[in-house]
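Take a look at the model below.

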Amino acid sequence: MTLEEKRGGKLCGILMIALFSFTAFHMARWGWVRSLSFSPLIVGIILGMLYANSLRKYMPETWNAGFKFCTKQILRTGIVLYGFRLTLTQVVSVGLPAIVIDCIIIAGTIGVGLFLGKMMKMDRDTVLMTSIGSAICGAAAVLGAEPVVKCQIHKTAIAVSTVVIFGTLSMFLYPIMYRTGLLDSMSNSQIAIYTGSTLHEVAHVAGAGNAMDPTDTLGIAGPATITKMIRVILLAPVLIILAFCLRDKESSKSSKTRIAVPWFAFIFVGVICINTILQMCSFLPQDLISNVIYGKGSMVESVDTFLLTMAMTALGADTTIDKFKMAGMRPFLLAGGIYIWLVGGGYLLCRYLAPLLGV
């Protein structure tokens, strides 16, 4: 296969996702869809999953590169632009409680995963990859941990499959819990921290937060994303600690373990700082800047929502029934046990610990 054919296939994959995303935007305006509080992000992932389990097997494999581009580069660009919806004041309002709860969730998730893996007599690599993916940022964390753990390819695929499956489930479960009143015992700030600290993927947090608070007027969507981004930033120290713990395994090898640093998370924080400065500069034409950059319905917000919809659609396009079969029973039970901890343990932390931290 020539380089031109690979590039053409990648472009076709991106255009396919863009087409589905435009369709999602149109469908999200339908009355009955709006009554269900389904944002373009939610509609996009549904369209993606329908495609994954029907037409995808008939499409060229070269298109998959375009899908991966959307779930990585497009998603990261969308998250970076999301920073224009947030300010440092909001970050400070989330602040220490989010950091504390994120750290407890990450440590607890990895601990629960190791315990369950030992109980089920599973291999350490699969347990570590699944636990880290569930604890931090889903498939991105699994791929980030791969150079550190150095496990076999199929184990990485199993870990990615399980975290994508349960992460996607959470994206629908949390808005349902919110709409049915199961989260009424928590404040909006606590719900935001709960969502950001327990959902698997950044895209899942964006989707769930957008479904519960489409305009971010309740203070759920934005703080949830901030809480999640704190978890993403914590990927770097977790991988460093993991590399240190696995040093005996690597002692016979001369090559150094490479640590994957999530730089887009730091850029996201930088954009928040820029947005804060723009809103503080009274000598700037605030009406124009608001319409273009940080205001509700601004140009940047519209582009950002579309990019996030593309990422969600591509994520759905990678969620197939075959992934359930490929994961097998024990990895699925492991991920399920971790998932119960995230949903139940995360709820208890945000319900009872968050108030003690001032939330």
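This is a predicted model: local features need pLDDT of at least 70, side-chain atom pairs count only at pLDDT 80 or more; totals for chains, interfaces and linings use all residues.

Residues are numbered from 1 along each chain as its sequence is written, and side-chain values use heavy atoms, with hydrogens and water left out.

Begin with helix α5, residues 88-119. Helices here are DSSP runs of H or I with at least four residues, numbered from the N terminus. Helix α5 has 32 residues. From its first C-alpha to its last, α5 reaches 44 Å, close to the 46 Å expected at 1.5 Å a residue. The expected span is 1.5 Å times one less than the number of residues.

Where does α5 kink? The kink lies at G95, shortly before the proline P97, and is about 55°. That bend is the angle between axes fitted to the seven residues ending at a residue and the seven starting there.

Buried means under 20% relative accessible area, exposed means over 50%, and partly exposed lies in between (1.4 Å probe, protein chains only). The buried residues of α5 include V94, G95, P97, A98, I101 and D102. Further along α5, I105, I106, T109, I110, G113 and G117 are buried too. An α-helix has 3.6 residues a turn, so residues three or four places apart point the same way. What covers the buried residues of α5 includes α6 (124-135), α9 (188-198), α11 (221-233), α12 (235-245) and α18 (329-356).

Take α6 next. Helices α5 and α6 pack at an angle of about 150°, with their axes 9 Å apart. That makes α5 roughly antiparallel to α6. Axes are lines fitted to C-alpha atoms, for helices over the stretch in contact, and angles run from 0 to 180 degrees between N-to-C directions. Angles under 35 degrees count as roughly parallel, over 145 as roughly antiparallel, 65 to 115 as roughly perpendicular, and the rest as oblique. The crossing of α5 and α6 is right-handed. On the α5 side, the contact is made by I106, T109, I110, G113, L114 and G117. On the α6 side stand V127, L128, S131, I132, S134 and A135. Contact means heavy atoms within 4.5 Å. A crossing is right-handed if the near helix is turned clockwise from the far one by less than a right angle, and left-handed if anticlockwise.

Which residue sits in the loop between α5 and α6? K121 is found there. K121 has a positive phi of about 55° although it is not a glycine. K121 is also exposed, with a relative accessible area of 73%. Helix α7 covers residues 139-149, and its buried residues include A141, V142, G144 and A145.

Now turn to α11. The axes of α5 and α11 come within 9 Å and cross at roughly 45°. The two helices are therefore oblique to each other. Their crossing is right-handed. Q90, V91, V94, A98, I99, D102 and I106 in α5 meet P223, I226, T227, I230 and R231 in α11.

Helix α11 also packs against α14, residues 263-280, at an angle of about 140°, with axes 9 Å apart. That makes α11 oblique to α14. This crossing is left-handed. T225, M229, V232 and I233 in α11 meet F264, A265, F266, F268 and V269 in α14.

G346 lies in helix α18. Is G346 buried or exposed? At 0% relative accessibility, G346 counts as buried. Beyond residues up to four places away in sequence, G346 touches I105, Y194, T198 and W341. G346 and S290 are 56 residues apart in sequence and 36 Å apart in space, C-alpha to C-alpha.

D304 is found in helix α16, residues 299-316. D304 is buried, with a relative accessible area of 0%. Residues up to four places away aside, D304 touches G78, I79, L81, Y82 and R85.

L75 is in helix α4, residues 64-82. At 11% relative accessibility, L75 counts as buried. Leaving aside neighbours within four places in sequence, L75 is in contact with C70, A203, L308 and A311.
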